[in-house]
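Trainee: Before we discuss anything, could you put the sequence and the model up, so that I can ask about the packing of the helices and sheets?

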Amino acid sequence: MKLPDPTFSKLQNIAGKTNCTRNREDLACYAYDATARTYMPDAVLFPKNAQEISAVVNLANEDGFFVIPRGAGSGMTGGSLAVRGGVVLVMARMNRILKIDKDNLIAHVEPGVVTGRFHKAVEKEGLFYPPDPSSSEFSTLGGNVAECAGGPRAVKYGVTRDYVLGLEAVLPTGEIISTGVQTAKGVVGYDLTRLLVGSEGTLGIITRMTLRLLPRPEVVRVMTAVFDKIASAAETVSEIIRSGIIPRAIEFMDNASIRCVASHLKIALPVEAEALLLIEEDGRPDEVDLALEQIKALCLSRGAKCVEIAKTKAEAENLWRARKAISPALFQYGPDKINEDIVVPRSKIPDMVEKISALRAETGLTIVSFGHAGDGNIHFNIMLDKKNEAELKKAEGAVEALFDYTLQLGGTISGEHGIGITKAPYLAKEIGNAEMNLMKKIKKLFDPNGILNPGKIFPSL
């Protein structure tokens, strides 16, 4: 339904004419995300504070339109798309780092702060914010919180929810609430902060965050281990953790991803290898040196062809640049991508790698796997031409088979991308009827008129 002129005028009165638009060219800029799916909104509004957002939400309940919160649009499951039209709230103006409190190791920030910028700001103060999604150079903290983003460091430090102490948010009914604490402990009432983190913008619009920080590690070092057999690399991941060493990151790249990045970035990588492990360790210099030597010996004993420790910071940064370039580089293999992020228990990584290899051989599809092997989070990408109906059907069958096998191994169908619209059809595979009904009741309680980010997680709501 097109937004009525009187309603659009009211929106302009709330945010100002320069911060509210329905020009088609402007709408097109906010009609898509990293899924490459497109849904045109009816208007785009750039709020400056919680009060403006509250006014927009109240108007939405009165005039009957949808509201869709949006960060940088880097999400992989369609969480910021206006699938039923409505007004997209772009949080770009709310981009202040309000305070970095070194005494209490916390920071107060707005949702539009770019994650990479926040990393640099706290590191200048000798502090450390561990969550580090691959999109950190352009994704925002608000989007990270809404999706409970993870990243490579999760194996040692956990994910975004482990660093969110408190939130300010606008509810779908217009109230502005404050949740959580500014302290290390707090158990007063239900944990509304944890409920909002990872709710994908369906229960509230986050307007401010209190984030937990850590002291910055003294040193960070990176090593690579090259394997001729992908199964050996997968088994090595479990062996490293089993030995009692918890690296800051253990990343996995298969042959297709190695070759793809080498070509894309024009850099030297072991393109003949079946697999590469990128391992990062941090801490005190003596502890890091000892851990890397132990890991090196372990990798060699498990069949690594070559193990090297980055000699300079620039060399280490280039290795991470290669790892983070995989996803965009994959379009060399096809015009379209199905991107999934399953998680299995670490001990089951070899089983999952074998399953992916079997499906690749069985279907003839280009299936690339990489990811955060240290915590069992494997990203598998199917590259294809979606206009080829036969190929698309095979790809959809492969996704279903991999999801089924993931659950069979005791895993989950989404580790950090969320459900959004792309994984919604598979939700019932993992979530039982009683649990599903409870979640829907929570959504209805928060959003009785169904105005906030409809069609996400639960397509019918």
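What follows is a series of questions and answers on this structure.

Mentor: This is a predicted model, in which local features need pLDDT of at least 70 and side-chain atom pairs count only at pLDDT 80 or more, while totals for chains, interfaces and linings use all residues. Residues are numbered from 1 along each chain as its sequence is written, and side-chain values use heavy atoms, with hydrogens and water left out.

Trainee: Is Val56 buried or exposed?
Mentor: Val56 lies in helix H3, residues 50-63, where helices (H or I, at least four residues) and strands (E, at least two) are DSSP runs numbered from the N terminus. Not counting residues up to four places away in sequence, Val56 touches Leu11, Ile14, Leu45, Phe65, Val67 and Leu89, contact meaning heavy atoms within 4.5 Å. The classes are buried under 20% relative accessible area, exposed over 50% and partly exposed in between, with a 1.4 Å probe and protein chains only. Because its relative accessibility is 0%, Val56 counts as buried.

Trainee: How are H1 and H3 oriented to each other?
Mentor: Helix H1 (residues 5-15) packs with H3 at an angle of about 165°, their axes being 9 Å apart; axes are lines fitted to C-alpha atoms, for helices over the stretch in contact, and angles run from 0 to 180 degrees between N-to-C directions. Angles under 35 degrees count as roughly parallel, over 145 as roughly antiparallel, 65 to 115 as roughly perpendicular and the rest as oblique. H1 and H3 are therefore roughly antiparallel.

Trainee: Which residues of H3 meet H1?
Mentor: From H1, the contact takes in Thr7, Lys10, Leu11, Ile14 and Ala15. By class, the contact of H1 with H3 has six nonpolar, one polar and three charged residues, where Ala, Val, Leu, Ile, Met, Phe, Trp, Tyr, Cys and Pro count as nonpolar, Asp, Glu, Lys and Arg as charged, and the others, Gly among them, as polar. On the H3 side, the residues are Glu52, Ala55, Val56, Leu59 and Asp63.

Trainee: Which strands are at the edges of the sheet of seven strands?
Mentor: This open sheet has the order E15-E12-E14-E13-E17-E18-E16, with antiparallel pairing, and two strands pair if DSSP finds at least two bridges between them. A strand at the edge pairs on one side only, and this applies to E15 (304-309) and E16 (336-343).

Trainee: Which residue in E14 stands opposite Ile250?
Mentor: Strand E13 (residues 249-254) and strand E14 (residues 275-283) pair in the antiparallel sense over six bridges. Within E14, the residue opposite Ile250 is Ile279.

Trainee: How many of the 11 residues of H9 are buried?
Mentor: Helix H9 (residues 255-265) lies across E13, E14 and strand E17 (366-372), running at about 85° to E13. Its buried residues, including Ile258, Cys260, Val261 and Leu265, pack against E13, E14, helix H11 (313-324), helix H12 (326-329) and E17. H9 is largely enclosed by the rest of the structure because the number of its buried residues is eight.

Trainee: Is Glu281 buried or exposed?
Mentor: Glu281 is found in strand E14. Leaving aside neighbours within four places in sequence, Glu281 is in contact with residues including Lys156, Arg221, Arg248, Val288, Leu292 and Ile295. With a relative accessible area of 5%, Glu281 is buried.

Trainee: What describes the orientation of H8 and H10 to each other?
Mentor: The axes of helix H8 (residues 230-242) and H10 come within 10 Å and cross at roughly 140°. The contact is made by Thr236, Glu239 and Ile240 of H8 and Ile295, Leu298 and Cys299 of H10. The angle is therefore classed, for H8 and H10, as oblique.

Trainee: Which residue in E4 stands opposite Pro69?
Mentor: An open sheet of four strands has the order E1-E2-E4-E3, with mixed pairing. Strand E1 (20-21) and strand E3 (67-70) each have a single partner strand, so one side of each is left without a neighbour in the sheet. E3 and strand E4 (residues 87-90) pair in the parallel sense over four bridges. In E4, the residue opposite Pro69 is Leu89.

Trainee: Which residue takes a positive phi in the hairpin of E8 and E9?
Mentor: Strand E8 (residues 164-170) and strand E9 (residues 176-180) pair in the antiparallel sense over five bridges. The hairpin has five residues between the strands, and the one with a positive phi, near 100°, is Gly174.
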